[in-house]
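Please consult the sequence and the structure shown below while reading.

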Amino acid sequence: MNSAYGNKEKPKKRQAAKYVIFALVFLVILGIALAVTISYKSSSKEEFREMDKASLPTISLAFADRYETTLHGYVHEMSLLDMREVIIPVGQEKRLPLSVNAYGNEINALIYQVRSLDDTEFLDGGTLDAFTSEEGAFHTEIRFSNLLESGKEYQLVLTLDTAARKVYFYTRILYANTHYATELLKFAETFSEATTNSEKAAFIVNHIQPKDTSPTNDFSFTDLHSKYAMFTYSGLRVRRPGETAVRLTEFEPTQMSVTLSYDLQILKNGSWADFKVQEFYAVRYRSGRVYLLDYYRTLNEQFSPERSTREKGRILLGVGDGKTAVLTSPDSTYTVFTKNRELWCYNAKTNAMNRVFSFSDASDSSDRSDYDHHEVLPVKVSQDGSVDYMVYGYMNRGTYEGQVGICFYRYGAENNAATRLFYMPVYQSELLLMMDLGTLAYVNASDVCYLRYGDG
């Protein structure tokens with residue numbers, strides 16, 4: 001079996017150039033990695049009480065009759081060899097319908113390029129400046145040339161020319177005269193719906209491989225070998241209030257890996273609790289039937305200070321993947337922790353809970369502020385409640401919106417504001433950055449920060 005399908009291990013880390021811009025830098029070889037030492041006192045500082053709202057447009061690509069994937073834009077050109085997260089199937093007609101979600105931006109033109117995977121060959125390209133518009137969205141389609149070979153992957157680079165700037169979007173495409181993307185996606189969609197719809201739940205039974213040793217009360221992770229009741233939440237009342245995001249990560253004409261992401265609500269103690277769900281499917285089409293090669297689902301409860309239980313020195317965060325980072329101040333007055341890429345601070349003396357960082361924006365119903373391609377890491381908590389923390393990956397909004405990088409902040413409890421101490425841009429995929437960074441982040445008593453980033 002192709003290792004790209006059904007393999008849950010993280011892809012192998014790749015070496016890439018690191019771009020660092022700041023006043024004082026010491027480079028130290030630490031094992032096989034790169035350690036960066038930065039003095040705060042030499043860094044420019046800027047204080048933030050309220051983050052700027054998301055402003056960039058997005059592009060939604062339509063495929064397989066009625067599915068679509070949304071791409072998020074970059075304000076700088078990225079290393080093309082690293083931008084491999086998404087792939088889009090292109091059928092016999094060699095056309096790709098798309099919509100530009102403008103969000104108030106003035107759209108001038110869309111430039112597309114089709115390049116080889118190793119970025120050594122240009123195969124196709126053009127400029128599209130004729131759009132149909134509807135409710136803030138601009139619709140058009142790309143018609144590819146006959147140079148595309150059936151069954152072969154290519155890189156597609158989209159450059160959106162707006163009145164304010166150019167925004168870059170990246171994906172892979174695979175052209176095939178015949179493919180079964182519609183059938184494979186329909187299977188995943190049907191399976192997913194069956195997990196929350198009792199009338200359709202029987203669909204699941206013939207496709208899972210339960211083991212007697214599987215847990216029966218931990219909904220944070222469910223896989224192909226979980227018991228049937230785990231797939232259907234053991235009869236709990238559930239509902240799906242929004243739409244499902246679809247992202248193909250690998251695709252061949254007869255098989256694919258696809259991730260479905262959506263919001264879920266579960267009735268707990270008389271009220272609805274909010275969750276984020278991701279389902280991974282590896283599926284294959286053969287002899288008129290779809291086979292489920294692999295499946296796993298993660299469930300993460302959205303943290304709410306109002307719903308959290310604080311008892312006997314504990315804060316109960318709800319269902320999650322266990323990847324919560326926790327730090328406390330020297331006197332244990334302040335405790336900071338991460339939950340679903342948000343940073344919270346709890347004051348034990350006042351019993352107050354405060355959200356220190358989040359890209360989420362309650363006034364923005366789009367998926368821009370809630371995009372999950374970044375991580376938040378607390379680094380130090382001081383006696384006075386100040387918190388040093390790092391945000392790294394794709395920047396959803398704010399000063400560095402549409403960039404990939406490492407941003408270091410100091411939060412002050414007294415004025416409830418964050419000061420940016422330094423920012424390091426990175427011109428590779430945010431997914432690689434998120435895998436590379438985080439094994440070492442430390443601030444010493446002299447306010448010097450040490451970061452470990454990169455493979456040797």
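In this predicted model, the structure holds 25 aromatic pairs. One of them joins Phe-191 and Phe-203 in an edge-to-face arrangement, with 6.5 Å from centre to centre and 80° between the planes. Phe-191 belongs to helix H1 (residues 181-194) and Phe-203 to helix H2 (residues 202-205), so this pair ties together parts that are 12 residues apart in sequence. Phe-191 counts as buried, at 0% relative accessibility, whereas Phe-203 counts as partly exposed, at 27%.

Phe-191 also pairs with Tyr-295: the ring centres are 5.1 Å apart and the planes stand at 50°, so the pair is tilted. Because Phe-191 lies in helix H1 and Tyr-295 in strand S19 (residues 289-301), the pair ties together parts that are 104 residues apart in sequence. Tyr-295 counts as buried, with a relative accessibility of 0%. Phe-191, Phe-203 and Tyr-295 are among the members of one aromatic cluster, which also includes Phe-187, Phe-231 and Tyr-281.

| Charged residue | Ring | Charged end to ring centre |
|---|---|---|
| Arg-239 | Trp-272 | 4.0 Å |
| Arg-368 | Tyr-103 | 3.7 Å |

How many disulfides does a search of the whole structure find? The search finds 0 disulfides. Cys-345 counts as buried, at 7% relative accessibility. Cys-407 is likewise buried, with a relative accessible area of 1%; the cut-off for buried is under 20%.

How values were computed. Residues are numbered from 1 along each chain as its sequence is written. This is a predicted model: local features need pLDDT of at least 70, side-chain atom pairs count only at pLDDT 80 or more; totals for chains, interfaces and linings use all residues. Side-chain values use heavy atoms; hydrogens and water are left out. A disulfide is a pair of cysteine sulfur atoms within 2.5 Å. Buried means under 20% relative accessible area, exposed over 50%, partly exposed in between (1.4 Å probe, protein chains only). Rings of Phe, Tyr and Trp (its six-membered ring) pair if their centres lie within 6.5 Å; planes under 30 degrees apart count as stacked, over 60 as edge-to-face and the rest as tilted. Helices (H or I, at least four residues) and strands (E, at least two) are DSSP runs, numbered from the N terminus. A charge sits over a ring if NZ of Lys or CZ of Arg is within 6 Å of the ring centre and within 35 degrees of the ring normal.
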